[in-house]
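User: I have a model open here and would like to go through it with you. Could you start with a helix contact and then move on from there?

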Protein chains: 2
Amino acid sequence: MNEYNTKPIPGFMELLPEEQIEFDRIKSIILDTYEQFGFTALDTPLIERKKTLLAKGGGETAKQVYSVENKNNVVDPSDNRDSELALRFDLTVPLARYVAEHFNDLSFPFRRCHVSRVYRGEKPQKGRFREFYQCDIDVIGRDQLSIRYDAEIPYIIYQIFKKLDLGKFTIRINNRKLFNGLLRYIDESVDFVEVLRVIDKVEKVSHDDFIFMLKNTGLNETAINTLQKFIQISGSAKDVLQDLKALNIEDELFLTGLEELETVSTLLLEMGVDPNYYTIDLSIVRGLDYYTGTVYETKLDDYQNIGSPCSGGRFDDLASYYTDEKLPGVGISIGLTRLFYQLRENGLINATHKTVAEAIVIPVGDENIKYSIRVSNDLRKKGIKVDTLLESMPFKKKMKYASKKDAMFTIIIGSEEEKSEEVALQYRKTGRFEKVRVSIDNLSDKVDDIRKELMAENEI
Amino acid sequence: MNEYNTKPIPGFMELLPEEQIEFDRIKSIILDTYEQFGFTALDTPLIERKKTLLAKGGGETAKQVYSVENKNNVVDPSDNRDSELALRFDLTVPLARYVAEHFNDLSFPFRRCHVSRVYRGEKPQKGRFREFYQCDIDVIGRDQLSIRYDAEIPYIIYQIFKKLDLGKFTIRINNRKLFNGLLRYIDESVDFVEVLRVIDKVEKVSHDDFIFMLKNTGLNETAINTLQKFIQISGSAKDVLQDLKALNIEDELFLTGLEELETVSTLLLEMGVDPNYYTIDLSIVRGLDYYTGTVYETKLDDYQNIGSPCSGGRFDDLASYYTDEKLPGVGISIGLTRLFYQLRENGLINATHKTVAEAIVIPVGDENIKYSIRVSNDLRKKGIKVDTLLESMPFKKKMKYASKKDAMFTIIIGSEEEKSEEVALQYRKTGRFEKVRVSIDNLSDKVDDIRKELMAENEI
C-alpha cells in the first residue's frame, strides 16, 4: 500500500480546503480589480515550444525550465529543436508570443490580465516554489504608449492592496531614465549595468563596501558624490521631485525621466490615491535588462520580512524576438503563491470555514429529506451556497459533520419543524451561539440579513 | 525574425480575447453552480509523481502521459522511479491521492469541485485536445455514501445546462447493477465485460451485427432474447421502472439496481427537475472498469453531433491504490474545452465584445483626462468595468478604438460636456445606435439601468 507516495512534490503548494478558500478569495480580489479596469483575462497554454520560450537566451532561466515530452506529440518532425516542449516560466514571454501571433486581431493599446501558474525548477528552499501563480496585467501600445498608463498601474495596485486589507503598504516608484541620464551626465564611459548592480545592493551592504564597489566600477569621486546625493534623496513625492530638479542635471534622458515621474505623481493624486501610500524611491532598480522607464515595487509596512509582493515597470519593446512591430508597454505581476505562503507564515491567513457552503442543511430523519431539499433550493435561489446532508446517519454524527465543516449557518429540520413549516437556524454571532426558529417563508431573507451582519462584524 | 514559431502547439487551444470572454463565462456558470451546492474548489499541482499517477497501470494512459523533467527538481534520489514527474491526465487520480494523503484533515462526505487543465498526448485530430479543461465534482463517502447523492448530481447537471441555455437537453441515467444482475441471472458463465463492450456498440452497428456479436460472447438464444427485451425498454422514467419490474428478474444485484434507480428518479422529481429533461437509458454503460452503480451521460437534443459534454457515475472505491480506507463516491466531469470547441463549430458561441470592460471612457482632448478619470472611478464604484483611454490620439482614432473593442457603452467627454458636468453616452439598443447626454450625478445609475435592460434584451 505504501508503495505509492501521495505527498505533494517539494516546491509544489497543495492546500487544504479551508486554506484553498482563502487563497481563492485573494485571487478573486486581484482578478476582479484587474477586470474592473477593463483588463481582459487571457489563458494561453501552459506548454510552449522550448525554442520560442527561450528566444531571449539561456542562463539561469534555461536551467530552470521544465522540459515536457510525449512521443505522440511531436510538433514538427522537420525541425527537431521546434519539437521540444517546455512549461512556461513566466507569463510575459507567452504574452509576447501571443501578441506577435495575433497582432492583426488585437486592438491597441491592448490590455490583458493573466492569472495562472508558471514553473521554475529552482533548488528546493523554504518559501520558494517550483509551481506558482502569477497575476499579471500589461498595457501594450503599438509604436507608442502614453506615460499616463504608468500611473494607472500603481492606482490598480493601490485598489488591490486596500481590498486585501493587510495594513499599511507603500508603492515604491522610480524611473530608470533618471539614473541612466544621471550616469551618462557624470561619467559617460562607465559600464551602466555594472553601476546599477552595485546600486541595487545599497540596502544589503555596508556603506564602506558600497563606496568601494562603486569605485571599482571606475567612477571618480565627484561622480560618486553626485550619485550618493541622488540616492539619498527621499521624502514625499513632491519633495523628491523638487530635490531632483535642484540637482540641475542637464541631460535629456534625465529630464524626460523627471517629467515622466512628475506626470505619474500628479495623475496618482488626481486618481485619488492617498499620497501616504506611495513614494518615489530612487533606489528601486529591478530587472536590469528589461525595464526602461517607470519601475514599481510594493512593501507591506507592517511585514518587512515579506519581499515585494507586486513589482513591474515600463518596457520599450515587448516582443522584439517574435515581430518587427514595436510594442512598448507597462505592467506588473503579483506573485500570489509566495505572497500567500508568507501571509500564512505571518499568521495573516484566517482559514476557518472548511466548506464554501454558507449553510449546511440537516434533515433530522430520512422522512425530513424532501422538505430539506425544498428549503435548500429556496436558499440557493437567493444566492446562498448550501450543502444538504443527504447521508443517513445518527443525529449526533450529523451535527458533528456540520460543526467540522463550520459553515456560517446550520439549519436543522425535524418533523416538528416541518409540521409548523419552520426550521431551526443556528449561527455564531460575536462568539455567542444563536439558535432561532424561522418560518420557511422568511428563511432566505433572514439568512441573507444575518449573513450581511456577520460579514460586517468580521470586517471590524 | 521568423526563426521563432509563435503559433500555439497543435492540440492546444488558444483563444482571442472575445472568445476567451465567452469561454470564461461558461466556466463561471459551471463553477458557480458547483459552489452553490457547497462543493469546495480544490487546486492540486498539475505535476505529479509519474509512478503514483500511473498506479492503476499502463495501457493507453501511460502512452498519453506527458513526462516532465528538470535537473534541479530531483524529488527523491534514493528512488529513481519516484523522481520521474508527469502532467496529470485527469482530475480523478489527483483527487484519490489528495484524499488518501489528507484523509485525517477532511470530513466526510467530502465534497469537492475542481475546474482545471489536464494533459493527454493524443494523436493530433480535429476537435481533440492535448491540453483541456475538465470541470469535476465528486462526493466521497467514508465506508458508505447514500444513493441520494446519485440524485443530487443530475440535479446539478440540470441547473448548469439550463443556465448555459443551449436548448433542450437530456440527462441519460442508468445503473450498472441492473445489467450485471441481469447477466448473472441469465448466464452466470459469460464474460461480463465482453458483453458490456458489445452492448456499448448497440447504436453504432447494425441489428444483425449486434446479434452476431452477442452470440460470439457465448450467450444462448433465450439469454439474448431477455437481453434484447431489456435493452429495448424505453419511455418515461416511470414506464421504464415499471417494465423493469415486469421482467421479474430474481437477482439481488438487479433488484438493488432497480431500487437505486427508483430512488434517484423519485428524488429528481422532488428536487424539481422537469421529467422531460432526463431519461432512464439502459444502453448507457461508461468506463467499464470504474463505475459500479449509477452512470450518467448528457445529450444536447438539438446538436446530436456533440458527444456527451457531461458524464460520470458511482464508484465503489476511489483510492484503493493509495489507502486502505474504503471511499465510495459519485461524480461527474464536464469536458469544457471540447464542449467549447463544438459549440463554436455549431455557431453557438456569440463572441462579440473584445474587452471585458463594459464601458470605454474617451476624453476628447488631454485636458479632459482628469474629469474622465473621475467619471471612470464613479462607474467602477457601482461595479461597472471601465477602460479609460489614456493615450493621446486624434479623436477619430479614439472612436475607432472604442468601436473595435465593442464594449456595451462608449462614454465621450469633451470640454463642453465637462463644463456642464455631463457626458455623452453611446450604446446600441435593439440594433439602433443611441446617444444621450447624462449628468455625471446620474451616470452610474443610468448605465446600471441600461445595462440591465440590454442584458434582458439579449436573453430574449
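Analyst: By class, the contact of α9(B) with α10(B) has six nonpolar, two polar and one charged residues, where Ala, Val, Leu, Ile, Met, Phe, Trp, Tyr, Cys and Pro count as nonpolar, Asp, Glu, Lys and Arg as charged, and the others, Gly among them, as polar. Please keep in mind that this is a predicted model, in which local features need pLDDT of at least 70 and side-chain atom pairs count only at pLDDT 80 or more, while totals for chains, interfaces and linings use all residues. Residues are numbered from 1 along each chain as its sequence is written, chains are lettered from A and ligands numbered from 1 in the order in which they are written, and side-chain values use heavy atoms, with hydrogens and water left out.

User: At what angle do α9(B) and α10(B) pack?

Analyst: Helix α9 (residues 207–216) and helix α10 (residues 221–232) of chain B pack at an angle of about 130 degrees, with their axes 11 Å apart. The axes are lines fitted to C-alpha atoms, for helices over the stretch in contact, and the angles run from 0 to 180 degrees between N-to-C directions; helices (H or I, at least four residues) and strands (E, at least two) are DSSP runs, numbered from the N terminus. α9(B) and α10(B) are therefore oblique to each other, since angles under 35 degrees count as roughly parallel, over 145 as roughly antiparallel, 65 to 115 as roughly perpendicular and the rest as oblique.

User: And is the crossing of α9(B) and α10(B) left-handed or right-handed?

Analyst: The crossing of α9(B) and α10(B) is right-handed; a crossing is left-handed if the near helix is turned anticlockwise from the far one by less than a right angle, and right-handed if clockwise.

User: OK, over to chain A. How do α7(A) and α8(A) cross?

Analyst: The axes of helix α7 (residues 176–186) and helix α8 (residues 192–199) of chain A come within 11 Å and cross at roughly 120 degrees, which makes α7(A) oblique to α8(A). α7(A) passes α8(A) in a right-handed crossing. On the α7(A) side the contact is made by R176(A), F179(A), N180(A), L183(A) and R184(A), and on the α8(A) side by F192(A), V195(A), L196(A) and I199(A). These residues divide into six nonpolar, one polar and two charged.

User: Now the two chains together. What rotation superposes chain B on chain A?

Analyst: A rotation of 180 degrees with 0.0 Å of shift along its axis does so, at an RMSD of 0.1 Å, the copies being superposed by least squares on the C-alpha atoms of residues with pLDDT of at least 70 in both. The two copies are thus related as by a two-fold rotation axis. The same surface serves both copies, in that 100% of the contact residues of chain B recur in chain A.

User: Which residue of chain B comes closest to that axis?

Analyst: That is V68(B), whose C-alpha lies at 2.3 Å from the rotation axis.

User: Which residues make the contact of α12(A) with α14(B)?

Analyst: Helix α12 (residues 252–271) of chain A and helix α14 (residues 369–381) of chain B pack at an angle of about 40 degrees, with their axes 9 Å apart. α12(A) and α14(B) are therefore oblique to each other, and α12(A) passes α14(B) in a right-handed crossing. The contact is made by L267(A), E270(A) and M271(A) of α12(A) and I369(B), K370(B), I373(B) and N377(B) of α14(B).

User: Last topic, the backbone. Where is P109(A)?

Analyst: P109(A) is in the loop between α5 (92–101) and β5 (110–119) of chain A, and the peptide bond from F108(A) to P109(A) is cis, with omega near -5 degrees. In chain B, a cis peptide bond joins F108(B) and P109(B), with omega about 0 degrees.

Notes: Contact means heavy atoms within 4.5 Å.
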